[in-house]
Structures are given as C-alpha cells and as structure tokens.
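Me: I'm new to this structure and would like a close look at one part of it. Could you pick a spot and walk me through it slowly?

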Amino acid sequence: MLSELPQTAEFEAVALPHLTALYRTAAKLLGDAAKAEDMVQETYLQAWRAFARFQPGTNCRAWLFKILINTIHHHRRSWFNLHRVKESEKILEQTASGQPTVPERIAQAEILHALDRLPADYRAAVLLADVEEFSYKEIAEMLGVPIGTVMSRLSRGRKLLREQLSELARSYGIGKGGSA
C-alpha cells in the first residue's frame, strides 16, 4: 500500500507552489474564505491521492486547477440543492401557516432581460456554466479562451447579474434594502 503513495518531496515540490493561486481563485469564485479553504484542502487531498497517475513534466498547475474547479462544481450543486430544499421548506411553512409568500415574484422575462444586458462575453460564460452546467475547461475550449479568462468572465458576469437582479428585487419590495 505504501508503495502506491506518491513521494512526499516530489508532491510538495510540484504541487505546493500553486497553493496561493488556488486559494485566491477559490475565494474569488466562492466569495467565502472558509469555503475557499475547504475547497483548496479537498483539492490537495484529491491531488495527493491521484499523484501516482500525474504525468511528470506536464502542467501541474492546470491539473490542480482542474481538480479545484471540479471540486467547487461538485460542492456548488450540493450547496444549491440544500439552499433549494431550505427555500422549499420555508415556502411550505408559510403556505401551511397561511402567511402569504412573496407578494410579487421576479418574472422569468425580467431575469432573461437582465441576462441579455450583460456584455456578450460575460453572458456566454454565465449561460454555459450556470444554465448548461459545462465545466470551465469545456467552456474555455468552446470560447477559445484560457480557463482563467472563463473564471474572470463568470465572476464579473455573475456580479453584474446579481446587482441587476438585486435592484429589481428591491423595486418589488423583495429582500432587504441593502446591496447584494
């Protein structure tokens, strides 16, 4: 069993120099330092386990980022599903207690209009990642840009979309008066 484990010195030499860049990217993608730390830790754990299959001389940074993106994508699904379950429970409780749900909902057409107002590059990245659920690598290949560009466009596109939808929600009296 021990013979299957990667050489510690070799792993540390090729993988650890990318720790800061991985954390920085995870923090930007997630907007949460604790979740970013967890995702980077899980990334390194997965990389350690798979290091015997890593091809020396190939791009370790790209390999680690692919693991990070896949890890984040996997966890986002579970976070999203958990969030949806909690929202569904809340709506069910409000309905059961006779309290009215949100007086007005943001119409799908308004959401699509907000999406249409994003710059084309951002809109494409958001649609491919968040609607079609393609991986960052697949998006990078589709758009002919580096993965870092995809992550940047997604971060900026999501921020712009969140700002637009927050303004719209506030105009309907939904949510708090503060910024998103």
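Reply: Let's start with the second largest pocket, which holds about 360 Å³ of space. A pocket here is an open set of points on a 1 Å grid over the protein atoms alone, where a 1.4 Å probe fits, with protein on both sides within 12 Å along at least five of seven lines. Its volume is the space filled by probe spheres set on the points, which are joined across faces, edges and corners. This is a predicted model, where local features need pLDDT of at least 70 and side-chain atom pairs pLDDT 80 or more, while totals for chains, interfaces and linings use all residues. Residues are numbered from 1 along each chain as its sequence is written, and side-chain values use heavy atoms, without hydrogens or water.

Who lines this pocket? There are 14 lining residues (each with an atom within 4 Å of a point), and Thr25, Phe65, Ile147, Gly148 and Met151 lie nearest the centre. At least two residues each come from helix H2 (19-30), helix H4 (60-97) and helix H8 (147-171); helices are DSSP runs of H or I, at least four residues, numbered from the N terminus. H8 gives the largest share, 6 residues. Sorted by class, the lining has 6 nonpolar, 4 polar and 4 charged residues (Ala, Val, Leu, Ile, Met, Phe, Trp, Tyr, Cys and Pro count as nonpolar, Asp, Glu, Lys and Arg as charged, the others, Gly among them, as polar).

Helix H4 also carries arginine 76. Arginine 76 is partly exposed because its relative accessibility is 22% (buried is under 20%, exposed over 50%, partly exposed in between, with a 1.4 Å probe and protein chains only). Beyond its neighbours within four places in sequence, arginine 76 is in contact with Leu29, Leu30, Tyr136 and Arg158, contact meaning heavy atoms within 4.5 Å. Arginine 76 and leucine 30 are 46 residues apart along the chain, yet their C-alpha atoms are separated by 9.0 Å.

Finally, the rings. The whole structure has 6 aromatic pairs (ring centres of Phe, Tyr or Trp, its six-membered ring, within 6.5 Å; planes under 30 degrees apart are stacked, over 60 edge-to-face, the rest tilted). Phenylalanine 11 and tyrosine 44 pair edge-to-face, 6.3 Å centre to centre with 90° between the planes. Phenylalanine 11 sits in helix H1 (residues 8-15) and tyrosine 44 in helix H3 (residues 33-50), and both residues are buried. Phenylalanine 54 and tryptophan 63 form a tilted pair, at 4.9 Å and 45°. Phenylalanine 54 counts as buried because its relative accessibility is 8%, whereas tryptophan 63, at 21%, is partly exposed. Ring pairs link Phe11, Tyr44, Trp48, Phe51, Phe54 and Trp63 into a cluster.
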